[in-house]
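Good morning, and thank you for joining.

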Amino acid sequence: MSNCVSLQTIVTSILASPEIKAKQAIHYIAPLFEKTDLGKKYALPGDDCAAFFHGDSFDLLASEGMQPDFLTSAPWRAGWSAVMANISDIAAMGGQPTGIVSTLWHHDAEVAKNICEGIKHACDIFQIHYGGGHLNISPSNTANLSVAIHGRAKHLLSCWHVKPGMT
């Protein structure tokens, strides 16, 4: 008897994951965005961040929210992971990250501090400015974290403009 798992089992498992299910809501807002000239603005579902032409380069903006269960089970790592996900989004579009801000709602000040320490540590390691952001501590809050990043790119990488032979 084989220990192999079928491809269908793997695909079904991935599609059922909370992380993938959370991304399916994009279809509600996707029609609001239209393909535009890369010389002006570029922000389409499917790419990793929005890009806005500015001078001789593009300003890149992205944000990432962390699952509340992750904030509860591993607060420091959730902060760190929010930075890493954002760095990845900027790099995937051909850019360099420049700065990060966070929006954090929590009911426990010590846990919130631990989350922010994770964010700050990742920013220090990758030499990205952490500009703070918004923090709300109240006993009635549920744990919610969103981290936004700014970056710059001379040339964009985009899933909508990939052609055979591009390197």
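Let me begin with a definition: a helix axis here is a line fitted to the C-alpha atoms over the stretch in contact, and the angle between two axes is taken between their N-to-C directions, from 0 to 180 degrees. Please bear in mind that this is a predicted model.

With that in place, consider helix α4, residues 75-92, and helix α5, residues 109-125, which pack at an angle of about 40 degrees with their axes 7 Å apart. On the α4 side, the contact is made by P75, W76, G79, W80 and V83. On the α5 side, the contributing residues include V111, I115, I119 and A122. Sorted by class, this contact of α4 with α5 has ten nonpolar, four polar and one charged residues.

I turn now to the strands.

Strand β3 has pairings with β2 and β6. Strand β2, residues 50-54, runs antiparallel to β3 and is joined to it by five bridges; F52, for example, has D59 in β3 as its bridge partner. These two strands form a hairpin with two residues between them, and G55 in the turn has a positive phi of about 70 degrees. Strand β6, residues 144-153, is also antiparallel to β3, with nine bridges joining them. There, F58 has A153 of β6 as its bridge partner.

Terms used: Residues numbered from 1 in each chain as written. Predicted model: local features only at pLDDT ≥ 70, side-chain atom pairs only at ≥ 80, totals over all residues. Heavy atoms only, no water. Pairing = 2+ DSSP bridges. Helix = DSSP H or I, 4+ residues; strand = E, 2+ residues; numbered from the N terminus. Contact = heavy atoms within 4.5 Å. Nonpolar A, V, L, I, M, F, W, Y, C, P; charged D, E, K, R; others polar.
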